[in-house]
Amino acid sequence: MTSQKPSELPVRDAESACIEREIGRIRGAERGPTLIAIGGIHGNETAGLVAGRRVLDRLTAANVTVRGELVVFGGNLAAIRDKVRYHHKDMNRLWVDSRIEALEARTDESSLDSEDREQLELLGKIREAIAAARGPVFLVDLHTTSAAGVPFVIFGDTLPQRHFVTELPLPIIFGLEEQVDGVLSEYWTRHGCVTFTVEGGQHDDPGSADNLEAVLLLAAQAAGIFRHGAIAETRPAHALLESRRGSLPHVMEVVRRHAIASEDEFKMEPGFRNLDHASEGQLLARDKRGEIRAPANGLVLLPLYQGLGADGFFWGRAVGTARLFASEALRNLKLDRFIDWLPGVERDPARPTRLRLDARIARFYPADVFHVLGYRRRRELDGELTIERQPG
Ligand SMILES: [Zn+2]
């Protein structure tokens, strides 16, 4: 999968390295799904653009029947041009309905910063692609990370999204997307798309573009853009991602976030990969209160080694096939209808996918009660504990 060098960016003018908003598209004569891929939402992460270009080229060269449409967009073009993550605001934290409404209502152009403009333009392009769709719409957001590590997939826990991401042999992680607000993929799930976000490896590692290319090719197949097996390269793509995963479980979930503050003097033990096994009692980190050890056999996710952050690490565990099937069965039974019968649990009348919890009572429920039905977004709202799931 290394036929091209990652330096071959889709540019319209090599001199200014001016990336186009639309990297390219293939629209098949047959009706079918639309797959929207986005690269470079963070301007220093260009591997996704390379991957998008390569997959478009591959589909053209393979001369297969394309059903529906594959379209690839560049994210934060101004930041890509200046080789920075962003100028004023992180463009993967801005996808909130109220913010977007306010942005669209603004009449004074001069009050917009560069990310506001980028977001409005990208928003318009994605809406156009959705409006032109002749089938279900899928959206994939392609990223890379500053530290080296195993590529992985993050997604909001809905059944259609589960089905989509489990076709990828990379580690797929439940409960991580819900830890932050304003993520692009989460916004588009809310607006009817089937989405995921993928971290493809380290920013400048040529292998990252290969990983993301493999992910996008398999995602296109999973979405139904071409018939299963119609493109021979899907086989090596699958093998590549499987080898990247190594001994890690296929499906993992976040059990707990280890939040930190600067006064905690948190220090992660050296040697953990971005996703790694840990055995019960193993030393994970230290802070001013002492040692932090693994509570059981499980997984350390995204340990904090560089820079500042509010997350020391996430504690996770593998999710076996039996548990996946069980939770799917429970959801198909629509047990969600009864969850607010539990004492201390009340459905938010303004948003039926959100539960208000009486913290004194709800803390006695195991988190599984909520997780199994897709409720993973836990927040304090006006002093009240809430837990929310995606619609659908
Ligand atoms: Zn990123």
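This is a predicted model: local features need pLDDT of at least 70, side-chain atom pairs count only at pLDDT 80 or more; totals for chains, interfaces and linings use all residues.
Q: What makes α1 "mostly covered"?
A: A residue counts as buried once 20 or more other C-beta atoms lie within 10 Å of its own. In α1, 12 of the 16 residues are buried, among them A51, G52 and V55.

Q: What do the buried residues of α1 pack against?
A: Their partners are the strands β1 (22–27), β2 (30–39), β3 (67–74), β4 (137–145) and β7 (194–202), plus helix α7.

Q: How do you know that the span of α1 (residues 47–62) is close to what's expected?
A: The expected span is 1.5 Å times one less than the number of residues. For the 16 residues of α1 that gives 22 Å, and the helix reaches 22 Å from its first C-alpha to its last.

Q: Which residues touch the most other members of the largest nonpolar core?
A: V153 and L216, out of 90 residues in that core. Helix α7 (residues 206–223) gives the most to this core, 11 residues.

Q: Why is this core said to lie between domain 1 and domain 2?
A: Domain 1 (22–245) and domain 2 (253–318) both give residues to the core, so it lies between them.

Q: What is L216 in contact with, leaving aside its neighbours within four places in sequence?
A: Contact takes C-beta atoms within 7 Å. For L216 the list is A37, A51, G52, V55, V140 and L142.

Q: Which residues does the second, separate core include?
A: This core has 6 residues, including L355, L357, L373 and I387.

Note on methods. Residues are numbered from 1 along each chain as its sequence is written. A nonpolar core is a set of buried Ala, Val, Leu, Ile, Met, Phe, Trp, Tyr and Cys residues joined through C-beta atoms within 7 Å. Helices (H or I, at least four residues) and strands (E, at least two) are DSSP runs, numbered from the N terminus. Domain bounds come from an automatic or database domain assignment. Two residues are in contact if their C-beta atoms, placed from the backbone, lie within 7 Å.
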